[in-house]
Amino acid sequence: MVPATALPIDARSTRNHGSFMEELQNQVGVVTGASSGIGRATALALAAAGTHVVLVARRRDRLEQLATEIDGLGNGARTAIVDTDITASDAADRCIAASAELGAWSLLVNNAGLDGQGASIEDLDLDQVRRLFDANVIVPMRLAQALSASGSGRAIVNVSSINGKTAEEHFADYNASKAALISLTQSMAIDLAPKGIRVNAVCPGYTATEMTASYLADSATRSRIEDAIPLRRVGQAEEIADVIAFLLSGHASYITGEAITVDGGRTAGWVGSA
Ligand SMILES: NC(=O)c1ccc[n+]([C@@H]2O[C@H](COP(=O)([O-])OP(=O)(O)OC[C@H]3O[C@@H](n4cnc5c(N)ncnc54)[C@H](OP(=O)(O)O)[C@@H]3O)[C@@H](O)[C@H]2O)c1
């Protein structure tokens, strides 16, 4: 082990040994899909660490409730609300304007995403596939462009999926969009590195949110899903949010272009005799 004092100065200079809280405090982050599930948990985790958060989704009432909850933390974290469909032509401009109310925009979480049609590739409606790619791939690209143009960007996390690494039957549209988002994460990491912006992805496995509520409500389906997970349970939104907050923080200062799986071991191999 090389003693820290023997390292060249540039290997040590950017390392901040503070806590998550110190490193995320007074940053300004945009979180898409903040009205429920992983996005909501991420907005709360960032706000708890002192980040000012722009909450983006269509359901304004949900975003207002969350803003009140964040206010209740009493730590000075402020919020701004952008009630929009993320695919709307003015969505990025509204995010830029809202973040400017809070300070210099530095963090972006591209979390909002559409689910697949749940149909064989033979039966996919291609207009719906185009809409899904717009939300899951083009919008994250557009928002990354906006953050980069702001000149104050530090880190981006794109919420992909284990479906971006291994294909699920009858989810070709969703699988392909999440694989594209992993590739896009690598390209963003390379192209935005000169601006000092790190870009990573998280790839959640089954997580208990509105998106999966209908599958998980059926106990037989839930058991089948959980039996295939080495940790024998689905994930909670907060467990994904913690990884997102870590990747945005200076604790991940040398990680960029990575796609981190958070799936209770689901894609590590087989469990049982199957
Ligand atoms: N849950 C899982 O098992 C799982 C696994 C892997 C990956 N993921 C990914 O995780 C991300 C978050 O999903 P989740 O599970 O947290 O689902 P969720 O609870 O259904 O949340 C989805 C969020 O996205 C917002 N949203 C959806 N379409 C939108 C649009 N067109 N414009 C603006 N906002 C939109 C929704 O808000 P409004 O309805 O208010 O607009 C909501 O806040 C997605 O990208 C998903 O693919 C989830």
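Modeller: Axes are lines fitted to C-alpha atoms, for helices over the stretch in contact, and angles run from 0 to 180 degrees between N-to-C directions. Helices (H or I, at least four residues) are DSSP runs, numbered from the N terminus. This is a predicted model: local features need pLDDT of at least 70, side-chain atom pairs count only at pLDDT 80 or more, and totals for chains, interfaces and linings use all residues. Residues are numbered from 1 along each chain as its sequence is written, and side-chain values use heavy atoms, without hydrogens and water.

Biologist: At what angle do the axes of helix H8 and helix H9 cross?

Modeller: Two packed helices are described by the angle between their axes and the distance between the axes. For H8 (residues 210–217) and H9 (residues 219–227), the axes cross at roughly 105 degrees and come within 5 Å. H8 is therefore roughly perpendicular to H9 (65 to 115 degrees; under 35 counts as roughly parallel, over 145 as roughly antiparallel, the rest as oblique).

Biologist: How do H6 and H7 pack?

Modeller: H6 (residues 126–150) and H7 (residues 172–192) have axes 9 Å apart, at an angle of about 15 degrees. The two helices are therefore roughly parallel to each other.

Biologist: Which residues are closest to the ligand?

Modeller: A residue is near a molecule if one of its heavy atoms lies within 4 Å of it. Here 29 residues surround the ligand, and the closest are Ser36, Arg58, Asn111, Tyr174 and Thr209. An N or O atom in the side chain of Tyr174 lies 2.6 Å from an oxygen atom of the ligand. A backbone N or O atom of Ile38 is 2.8 Å from a ligand oxygen atom.

Notes. A polar contact is a pair of N or O atoms within 3.5 Å; within protein, one must be able to donate a hydrogen and the other to accept it, and residues adjacent in sequence count only if both atoms are side-chain atoms.
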